[in-house]
Amino acid sequence: MKRLIERSRSVGEVLRWVTQNPGKVSASHYPIALHKLGQLLQQQPGPPLGAGDSRGPAGQVLEQPEFHVLCQAIVSGCAKFDNFSIVNCLYAAAALGLPGESPLVRVLEDESRSRLGRFNQKDVSMVFSSEANNKALEAIFSSQLFYENRQERFIRSMAEWLPRKAENLTPYTMALIAKYVARHRLREPRLLDTIANFLLKRGEQLDSKVIQKLVFPFSRMNYRPSNHGELFPKLEAILEQKAGSSPLATVNILMSMFQLSHFPQTVLHQVFSPAFITNVMSSPYALIVRRYLSLLDAAVELEFREYSGPRLDPRYRVLMFEHALTADEANRKYSYKGLVAEALRQLVGEECYRQDEVLPPGYCTDFLLWINRSGTVLPLSRVPAASRAPPAMSPVTVSLRSSVLALTSDLQDFAPVVLSVNDKWHYCQNSDILVGSRAMRDRHLRLLGYCLVQLPYTELEKVSGIEEAKHYLRQKL
């Protein structure tokens with residue numbers, strides 16, 4: 001039956017073999033049939049499954065009675081399937097493009113979820129070794145089962161499998177893996193180093209938009225790949241050639257490299273050149289590129305002092321962010337920021353701090369205070385207005401760092417303190433390492449002259465009640 005299914009030349013032939021010979025079909029045959037259907041549908045014109053269009057060949061399959069018979073057979077029998085067949089059926093259904101709300105996918109996910117404690121690594125790794133292909137890998141990340149298990153068997157299996165199979169993957173598939181790793185902040189060296197090796201070998205053949213997706217996980221996880229000594233110079237050479245073809249991708253790649261404290265001087269000459277700026281300002285994404293260029297320019301000022309090439313024209317400088325980050329707003333109910341705010345209000349009073357203050361070059365701070373040499377938090381009314389307001393990003397700004405340091409030198413008894421509430425999503429998964437953007441923000445705030453007081457969630461989760469929170473803050477301050 002396996003050979004008959006695999007040799008089928010049409011969707012109808014696959015469905016006939018499976019539905020007209022129920023006595024000869026075993027659990028292992030169902031995922032093979034689903035995978036074969038997916039392969040055949042890729043060869044036919046028309047919208048893919050799940051595209052919401054039933055007019056093409058793929059959409060017509062969903063409507064065929066034989067396909068419903070196939071799905072019903074899996075639904076009826078999956079409770080008796082072995083673990084590998086369950087995982088493989090779900091994997092095949094995802095690769096085929098079945099919608100998540102379909103009865104087949106729901107039943108498979110429910111059965112998989114009920115078996116999580118009984119799955120072993122072999123059940124999942126066998127799927128990778130026997131079935132994985134570009135199309136299937138693209139679809140697997142939409143499965144709730146693997147999303148929920150991303151830190152357990154799935155990631156361990158993929159970390160073992162990916163280095164052996166990477167050469168056979170397309171750049172698009174590798175970019176999807178990179179996106180998944182970055183999205184869930186998975187600081188798994190084997191995965192990250194495999195992506196880096198793929199990029200080193202194929203970099204010249206890739207366009208800037210793909211390169212930015214492959215580079216992003218390194219900065220997101222604040223991780224320098226083991227081959228960075230070769231990779232970073234190669235990326236610089238590629239950017240020199242392709243900087244103008246996709247300006248947004250170029251500045252995204254630069255931002256990733258800056259977050260890892262690598263500053264490609266030749267590329268900076270290009271992106272700060274009048275030609276590049278003119279090209280950017282006439283594009284539809286001018287504002288976002290200006291934001292990135294403003295932050296890159298500030299980073300050069302703070303961390304790459306030996307750079308002597310062109311800089312961003314002051315009239316183009318803007319704040320990178322104008323308010324709290326979207327991720328922080330979305331996760332507000334899970335944040336310890338509210339507890340800290342109330343404890344701080346009771347401890348020092350509302351007149352002694354500012355919340356969600358955006359400091360140039362566009363970093364949102366959780367709490368900004370002014371403290372004197374004896375450690376006392378001062379009411380803002382006692383701090384001169386000129387020092388309460390951070391230096392503006394304006395044409396007259398010559399040096400961010402010197403501006404802030406000038407304020408503190410004029411007022412020897414005062415110093416700005418930034419309280420930073422580092423919630424769980426500010427760190428890599430299961431790690432005490434801050435994500436790259438947060439780490440660069442902290443470096444820059446310190447270089448600007450602010451005293452940074454870290455409030456990590458691992459400490460805050462041990463605080464019980466407002467009185468303990470006040471005691472904790474008093475010790476920190």
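For the first entry I take a helix axis as a line fitted to C-alpha atoms over the stretch in contact, with angles running from 0 to 180 degrees between N-to-C directions. I note at the outset that the model is predicted.

**Entry: the pair α12 and α13**

I looked up how helix α12 (residues 171-183) is placed against helix α13 (residues 189-202). Their axes come within 11 Å and cross at roughly 145 degrees. I recorded the crossing of α12 past α13 as left-handed. I then listed the residues that meet: P171, M174, A178 and V181 come from α12, and L191, L192, I195, F198 and R202 come from α13. Sorted by class, this contact holds eight nonpolar residues, one charged residue and no polar ones.

**Entry: the four-stranded sheet**

I next traced the strands. They form an open sheet of four, in the order β1-β2-β3-β4, and the pairing is mixed. Which strands stand at the edges? I found β1 (353-359) and β4 (451-456) there; each has a single partner strand, so one side of each is left without a neighbour in the sheet. On average, neighbouring strands of this sheet are turned by 40 degrees against each other, with direction ignored.

I followed β1 into strand β2 (residues 363-372) and found antiparallel pairing over six bridges. Within this pair, V358 has C364 of β2 as its bridge partner, and Q355 stands opposite F367 of β2. The hairpin of β1 and β2 has three residues between the strands, and G362 in that hairpin takes a positive phi near 125 degrees.

I then turned to the other neighbour of β2. The strands β2 and β3 pair in the antiparallel sense, over six bridges. Here I noted P416 in β3 as the bridge partner of W370. Is β2 mostly covered or mostly open? I found it mostly covered, with nine of its ten residues buried.

I also checked what lies across the sheet. Helix α26 (residues 465-476) lies across β3 (414-422) and β4, and runs at about 150 degrees to β4.

I examined helix α18 (residues 274-281) for burial. F276, I277 and V280 are buried in this helix. Viewed down the axis of α18, the buried residues fall within an arc of 95 degrees, so they line one face of the helix. On the other side of α18, I found P274, A275 and T278 exposed. What covers the buried residues of α18? I listed α16 (247-259), α17 (265-271) and α19 (286-303) as included in the cover.

**Entry: I433**

Finally, I looked up I433, whose place is in the loop between β3 and α24 (436-447). I433 has a relative accessible area of 25%. Leaving aside neighbours within four places in sequence, I found I433 in contact with R187, M221, N222, Y427 and C428. I also compared I433 with Y223: the two are 210 residues apart in sequence, and their C-alpha atoms are 9.5 Å apart in space.

Conventions:
Residues numbered from 1 in each chain as written. Predicted model: local features only at pLDDT ≥ 70, side-chain atom pairs only at ≥ 80, totals over all residues. Heavy atoms only, no water. Helix = DSSP H or I, 4+ residues; strand = E, 2+ residues; numbered from the N terminus. Left-handed = near helix turned anticlockwise from the far one by under 90°. Contact = heavy atoms within 4.5 Å. Nonpolar A, V, L, I, M, F, W, Y, C, P; charged D, E, K, R; others polar. Pairing = 2+ DSSP bridges. Buried < 20%, exposed > 50% of the residue type's maximum accessible area, 1.4 Å probe, protein only. Arc of directions from axis to C-beta.
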